[in-house]
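I'm opening my notebook on a structure that is new to me. I'll jot down what I look up as I go.

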Amino acid sequence: MVLVEGLIGVTLVSAFAVIFAPDRYAGKLATGLSLIPLAGSLFMYANFAGSGNALLGGDLAYETTVTWFEVGGYGLNWHVGVDGISLPLLVLTTILTTLALVSSWTPIDDRESQFYGLMLLLEVALIGVFTALDFFLWFVFWEGVLIPMYFLIGVWGGPRRKYAAIKFLVYTNVASLIMFIGLFALVFGLGDSLTSLDIPAIAQGVRGGELGALAGVQPETLKLGAFLAMFAGFAVKVPVVPFHTWLPDAHVEAPTPVSVVLAGVLLKMGTYALLRFNFTMLADVARDLALPIAAIGVLSVIYGAMLALAQRDLKRVVAYSSISSMGYVVLGLVAFTPHGMGGATFQMISHGLISGLMFMAVGVIYNASHTRMVGDMSGMADRMPWTVGIFVAAAFGYMGLPLMSGFAAEVLVFIGSFQSTVIPFATVLTALAMFGIVVVAGYLLWAMQRTLFGSYSLETDYEVGRAPVHDVAPLAVLLVLVITLGVAPDLFYAMIQDAVDPLLGGGV
Amino acid sequence: MVQLPVWTAIAPTVILALTVLLLLVVDSINPDEDSGNLLAVMAVIGTVTSIAVTGWYLLAGTGQPPTDPVLLFADAIVVDGMSLFFTALVGSVVVLIVLASYDYLADHPYQAEYYSLVMLAATGMSLMASANSLATAFVSLELASLPSFALVASLKHNRGSVEAGLKYFLIGALSSAVFAFGISLVFAAGGSLGFADVAAAAADTSLPGVLGLGILFVAGGFAYKTASVPFHFWAPDAYEGAPSPISAFLSSASKAAGFVLLFRVFVEAFPQTAVAGTIDWVLAFQVLAVVTMTVGNFAAATQENVKRMLAYSSVGHAGYVLIAVAALTTDANRSFVLGSGMAHLLVYGFMNTGAFLFIALTEYWDVGRTFEDFNGLAKQAPFACAAMTVFLFSLAGLPFGGGFLSKFYLLMASVNGGVLLLAVALVVNSALSLYYYSRVVRAMWLEEPDGTLEIQGYPTGLYAAIAVAAVMTVLLLPAFGPVAEMANAAASAIV
């Protein structure tokens, strides 16, 4: 099958077509073209026939392997394919990109063709990250995400955009290099038993105990070092406390549609990589380090929520609460229980949809009012009933209202981590993490009460009316998806479970 | 099929030399007429012919395994995979330079001299790639250097250019003396100049101290030619003052030629086994490589002038290439390690030339030289700026061009040689380099122009050269495999 290649190729060609298109049509053209990968990914979802985990010899769907070239005894292959973990993330990427493109029509009014072209390039790289199974190829896409993002923040962002863009670029690039060194320590440790940089081959080699000593470092120490290097690298991307400081800057300065993709998909790159590399390839090290990792997860939950509580800017509130939500993912992953790991993966999807929805809603309000400060406005519900209605619904989703995807995800994570035999003091840590929900509910209710309800007032000169349909439509679509996944989590959870289970059987 | 005479193996170099003569003849027929077009076209045709012949030889397997290298003129010259590889590299850079110079020199006097000096230097560089004795090495090095001095100073009414030429010349003269002195010491120790004979004599020399000193001095001569520490300090001044196409020429082609000679001399004339009792040059190059890349990168990070930043980054890249000899430890896969440097030089030849030619373009527009002067340039010249972005990210080692893979290859080579310090230095320096390369990108795309800049025209030749360099830089990402294989095969013939 060449579906993955088709997806990547079509999106790449679309990106260049849009860059060379006149500014006036760029937005509509990009949105139209983005429907192709969206349809493609939905087709892949509908006809998904894979089973098991991609790294542990599972049955991959839409797999292709072609040798690219060989360097130093290692073949570099074009190896792509999806399993039950990567396919939901792929679908999430294509859905959010299309919706983000629609939500760009109003706020983006400068150098449009370049903006939409870069958004599509970003999509290419993201599709690549979630489908590539050769480390080298994967790294190309992983780094490829940085450049469009750098420009998207740096050119179209807010007042401090240049600082935010360079901070994002340098921070995440250094993280990538640290991770790169960590993985290559494993590759060289495997020595001659490895003939390619195939991620499944590396994972199976490491799990199969084929790791040898490297430069006098014993295998166990090598594994620990590699684990720490990769964890540090991915932790920046997730981000977990204390590697999170790039995130609020990038989020606040990025234009709304970019924030949507940043929070919705880019952060998931970090947790996806954690799951693939740290928790699959080096699962035994992760089990040994369960307590500190779980503690970091809980710390992110609580500290992120506390930080959100202290913000006045609605966008910052949502940005910091993302750190909190990603903390649940880390906690779930390290639990090493079916519901913990499955729930964490499900939380990636759920948070992608909900945070995208929240950022878009804040963006729509900002488009009209030109402010995001909690104290500057109140009673927006009078003027923008639909937008505010959806915003409130999304906030309840964030708080984990039953029948919405956030509830399903968080309950699964909590059940999983509660049952965990890997994390010491699992019950205490889980209880602490649950406390994060209370804080989330607190700050969201407070912020909504101040800005959305009460009597209308706005401390600017803008006349606020109803948002245009194409601004509200993506919100509605996302809300429907959130509720759908809340009612029927098995749409994704079944295939996630199927892919996660082999991880817990121990050994290959 | 007719078997060509053996001497035709050196045809690529001969064609370059003939082009020089032809240029001079054309100019002497009508010296007063402004014939820039004709001269540039002739130079391009001559170089392209030379590249075509080189490519044919490469494909036909001339002097490459399984046949023996072609030795000419009492073994003074050798034609093998490595010499052809570097002749093609130098030729490609020269084509780009000449294309760009056509616009850059539009109203410039002495065009015939300029083009013939470029071609003469190119002849010297391709001869350096074929040198098989220390005598040829010295002569070809001078043949490449002397025209370069004049070229750097060719903007005669520009004080910076003249100053740069003088500095380049004085340090060049000094290091030539050092190089010659080194050769004389090596000769004193072994009594021969041919690489193979030097190696044979070195093993049982009665004067190991003299030989060791000679090797050290020879290494000094190469450090100058490749702009490596400790003889790198001419590079920023010379590159900054020279006309930008010449900066591109020196920092890409001249550096590559210096490296091929370095590879050959140290691997063939001073193999570790033969000179074991004198000096451990692998260790010396390890120190030089780390210091060179670090000095180059830190200096580049503090510059305010874009061209000077590129000059220091060029020093940094010399440090990366030095990995190819620094990781040449006894238990390394030697052809693999040596090939890494060759592959990086080839990729570097395109991306660095492209970056300097972009500077030439900004000089053509009178944009100014600091980072601030580049503000908002992308609004007026999006294509050139997009190409420059590709060059810079590729130089930094992001996967937007061949630079990513060639740096990765160097990384593998340092690990293969078991010198982890080199690998760490390479990665750390690459991470640092992104900071200063992205400053240019930021200025071009993110900053607002101050409004006074109005771009005058879009010169065809310069644009064509930049476009070709950009396409090659990007193409070397998917097509890196064959290049690496070719470099590997070429290297395997001499180690």
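I began with Asp75(B), which sits in the loop between strand E1 (70–72) and strand E2 (77–79) of chain B. Helices and strands here are DSSP runs (H or I, at least four residues, for helices; E, at least two, for strands), numbered from the N terminus. Before going on, I noted that this is a predicted model, where local features need pLDDT of at least 70, side-chain atom pairs count only at pLDDT 80 or more, and totals for chains, interfaces and linings use all residues. Residues are numbered from 1 along each chain as its sequence is written, while chains are lettered from A and ligands numbered from 1 in the order in which they are written.

The cut-offs are 20 or more other C-beta atoms within 10 Å for buried, 12 or fewer for exposed, and partly exposed in between, with C-beta atoms placed from the backbone.

In chain A I found Phe425(A), not a glycine either, with a positive phi near 55°. Phe425(A) lies in the loop between helix H18 (405–419) and helix H19 (426–451) of chain A. Phe425(A) is partly exposed, with 13 other C-beta atoms within 10 Å.

Next I looked up cis peptide bonds. The bond from Val238(A) to Pro239(A) is cis, with omega near -15°. Pro239(A) is in the loop between helix H9 (219–237) and helix H10 (246–253) of chain A. In chain B, the bond from Val229(B) to Pro230(B) is cis, with omega near 5°. Pro230(B) belongs to the loop between helix H8 (208–225) and helix H9 (234–241) of chain B.

**Helix H8 of chain B**

Buried residues of H8(B) include Leu211(B), Phe217(B), Phe222(B) and Lys225(B). Which helices do the buried residues of H8(B) pack against? They pack against helix H5 (134–152), H6, helix H7 (195–203), helix H10 (244–269) and helix H11 (281–301) of chain B. Just after H8(B), Ala227(B) takes a positive phi of about 55°.

**A buried lysine**

I picked Lys167(B), in helix H6 (residues 159–190) of chain B. Is Lys167(B) buried or exposed? Lys167(B) is buried, with 20 other C-beta atoms within 10 Å. Leaving out residues up to four places away in sequence, Lys167(B) touches Trp234(B), Asp237(B) and Ala238(B). Contact means C-beta atoms, placed from the backbone, within 7 Å.

**Two helices of chain A**

I turned to helix H4 (residues 112–131) of chain A, where 20 of the 20 residues are buried, so H4(A) is largely enclosed by the rest of the structure. Helix H3 (residues 86–103) of chain A packs with H4(A) at an angle of about 175°, their axes 9 Å apart. That makes H3(A) roughly antiparallel to H4(A), a label for angles over 145 degrees. Among the contacting residues are Leu89(A) and Thr93(A) of H3(A), and Tyr116(A) and Glu123(A) of H4(A). By class, the contact of H3(A) with H4(A) has 9 nonpolar, 4 polar and 1 charged residues. Ala, Val, Leu, Ile, Met, Phe, Trp, Tyr, Cys and Pro count as nonpolar, Asp, Glu, Lys and Arg as charged, and the others, Gly among them, as polar.

**Where the chains meet**

I looked at the contact between chains, which takes 21 residues from chain B and 23 residues from chain A. H17(B) gives the most to the side of chain B that touches chain A, with 9 residues. The residues on that side of chain B divide into 17 nonpolar, 3 polar and 1 charged.

**Chain B overall**

Last, I noted that chain B has 19 helices and 2 strands. Buried residues make up 63% of its 495 residues.

Notes: Contact = placed C-beta atoms within 7 Å. Axes fitted to C-alpha atoms, helices over the stretch in contact; angles between N-to-C directions. Parallel < 35°, antiparallel > 145°, perpendicular 65-115°, else oblique.
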